[in-house]
Amino acid sequence: MSDGEAVALAGATASRGGAPVWSGVDLTIGQGEFAAVLGPNGAGKSTFLDVVLGLLPLSAGSATVLGAAPGARRAQIGYLPQRRSFDAGTRVRGRDLVRLGLDGGRWGLPLPAALSPASRAAAGRVEEMIELVGAGAYASRPIGALSGGEQQRLLIAQALVRRPRLLLLDEPLDSLDLSNQGAVAALVQRICESEGVTVLLVAHDVNPILGYLDRVVYFAAGQGVEGTPREVISGPTLSRLYGAPIEVLEASDGRLVVVGTPEPPAHHHSRHDHGH
Amino acid sequence: MATELAALSWNLVGDFEQLTAYPFMVQALEAGAIVAAMAGAIGWFMVLRRQVFAGHTLSVIAFPGAAGATLAGLPIALGYFGACGLGALALSLVSRAGEGQLSSESAAIGTVQAFGLGLGFLFVSLYGGQLSGLQSLLFGTFLGITAGQVQTLLWIAVAALAILIVLGRPLLFASVDGAVARAAGVPTRWLALAFLLLLGMAVAATAEITGALLVFALLVTPAATAQRLTARPGRGLALSVLIALAVTWLGLAIAYFSPYPVGFWVTSLSFGLYVAVRALAGGGGKA
């Protein structure tokens, strides 16, 4: 195992229903890196996560995840699916949700912490994760009563509680307001460094997380490119990817504005904008 | 009711001796405790999983099952448990993705509920149309419990609760956070089926005591009250069982000293407690 790499694809093609979603993708994400997975809707971001999880075999090329075939190291991957906020009536504490991420799949009931060193260690690990994501103040409240940002922090703690080496977050910022998007991105970067975990984060908009990223994977037009944020989110790279002239403008605060993509970034709001 | 003998006094020991002077009353208290433990625990998961409609459907199916068994000369328990078991299997087949969530199918299930009630009414009429038989099937036979029934209920409750203890943690995971549980390798579909069968057992056992229509006094109300009071799973389960037990025993005791039926007291007590907790704890409640 080349221990510098967490995820590597070479000449990879992923297909769904016989049609390739993307093809000829080469990429390398190093251990401990924070990478964003970007691209328009339907370009294959979630497909990429499915490949990494070993749920979707490649139709061509090769993939290595944590030094083995995809799926072989499934236990070392923490996964936060796209979602999903909890119903307001869900009467289970955030703390319990994190604990379920640790041993929720086991049969039988846990022994009380007073009787079992293993239960004490588990409870300690849960508290450690709650502190790590800064959820101590509200971890004892019912999960349904928390805000989207608070729920998202607890879900990240849940995904981290088994000490994964690779963390896959599918659009964790989607339901959050701008300030919370930045705060959660900063938290993910901090975890990336302190826990030495590699993070792949699927996002719609790169700007709230731009300052924290080591790498960017960009899927569009049946292809995928990987590199540093400045390399990938640049006029020449995106023009090559889309096969159309694209400009990337930098605002005075460092935000990037992509001009000329076939699909405008606000695409998914357009349905609501055209009401009667 | 033995109202002509029973007179409430301030002597609690004396009252308790009066209450337990007759075997039928002791058996009612025993059966009530067994059923309360089962309904309280399984009901807690039912409320958490938002499967109250499935529970209601099973309780409606219990009625024609019991009436049919009476008509065919079979043990009435066989009717309750058979109908609820088959009903649970059927529900898991029709429910979306086998997870027991009933949404688009709810109209279809509503029509089956109505048909089930009609069928039960037919069976009772064919049996001789005795009103007392119909009434006990719908509203319970608290005071007609035999020692043999108590024994059977005990074994069923022990088995159901043992299964619940084994399945409890993954079931909680699957109930609260299905997508992540599935991704973590929890067999959510099998758990959903197993839970519907457990729910069927709990409904059948409770219906045998409270009648088909009053099942929810023990299956829903204590669980809903407990979830208002605490968001901690262990405490919530324990509290749900305790509330179910308290309303059952208190209901039996009050009914013994009053002219009104047990079913009325049990439902009123659990309803009153729920309303009080809702009013006091407010909308959100605390942890």
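Figure 1. Thr13(A) has Ala60(A) as its bridge partner in β4(A). Strand β1 (residues 5–16) of chain A and β4(A) run antiparallel and are joined by five bridges; strands are taken to pair if DSSP finds at least two bridges between them. Helices (H or I, at least four residues) and strands (E, at least two) are DSSP runs, numbered from the N terminus. The model is predicted: local features need pLDDT of at least 70, side-chain atom pairs count only at pLDDT 80 or more, and totals for chains, interfaces and linings use all residues. Residues are numbered from 1 along each chain as its sequence is written, while chains are lettered from A and ligands numbered from 1 in the order in which they are written. The open sheet has the order β2-β1-β4 (chain A), with antiparallel pairing. Because β2 (19–30) and β4 (60–65) of chain A stand at the edges with a single partner strand each, one side of each lacks a neighbour in the sheet. On average, neighbouring strands of this sheet are turned by 20° against each other, direction ignored. Helix α1 (residues 45–53) of chain A packs on the sheet and touches β1, β2 and β4 of chain A; the direction of this helix makes about 120° with that of β1(A). Axes are lines fitted to C-alpha atoms, for helices over the stretch in contact, and angles run from 0 to 180 degrees between N-to-C directions.

Figure 2. Strand β3 (residues 34–38) of chain A pairs with β8(A) in the parallel sense over four bridges, and Val37(A) has Val217(A) as its bridge partner in β8(A).

Figure 3. Strand β8 (residues 215–220) of chain A pairs with β9(A) in the antiparallel sense over five bridges. Tyr218(A) stands opposite Val225(A) in β9(A), and Phe219(A) has Gly224(A) as its bridge partner there. The two strands, β8(A) and β9(A), form a hairpin with two residues between them, and Ala221(A) in the turn has a positive phi of about 50°. Six of the six residues of β8(A) are buried (20 or more other C-beta atoms within 10 Å of the residue's own, C-beta atoms being placed from the backbone). Arg215(A), Val217(A) and Phe219(A) point one way from β8(A), whereas Val216(A), Tyr218(A) and Ala220(A) point the other way.

**Figure 4. Helix α4(B) in its surroundings.** Chain B contains 13 helices and zero strands. Helix α4 (residues 76–94) of chain B has 19 residues, which at 1.5 Å a residue should span 27 Å; its end C-alpha atoms are 27 Å apart, in agreement. The expected span is 1.5 Å times one less than the number of residues. Buried residues of α4(B) include Tyr80(B), Phe81(B), Cys84(B) and Leu91(B). Among the elements covering the buried residues of α4(B) are α3 (52–72) and α9 (188–210) of chain B.

**Figure 5. Contact between chains A and B.** In this view, 22 residues of chain A are in contact with 23 residues of chain B (C-beta atoms, placed from the backbone, within 7 Å). Helix α2 (residues 94–103) of chain A supplies the largest share of the side of chain A that touches chain B, three residues.

Definitions and conventions:
Two residues are in contact if their C-beta atoms, placed from the backbone, lie within 7 Å. A residue is buried if 20 or more other C-beta atoms lie within 10 Å of its own, exposed if 12 or fewer, and partly exposed in between; C-beta atoms are placed from the backbone.
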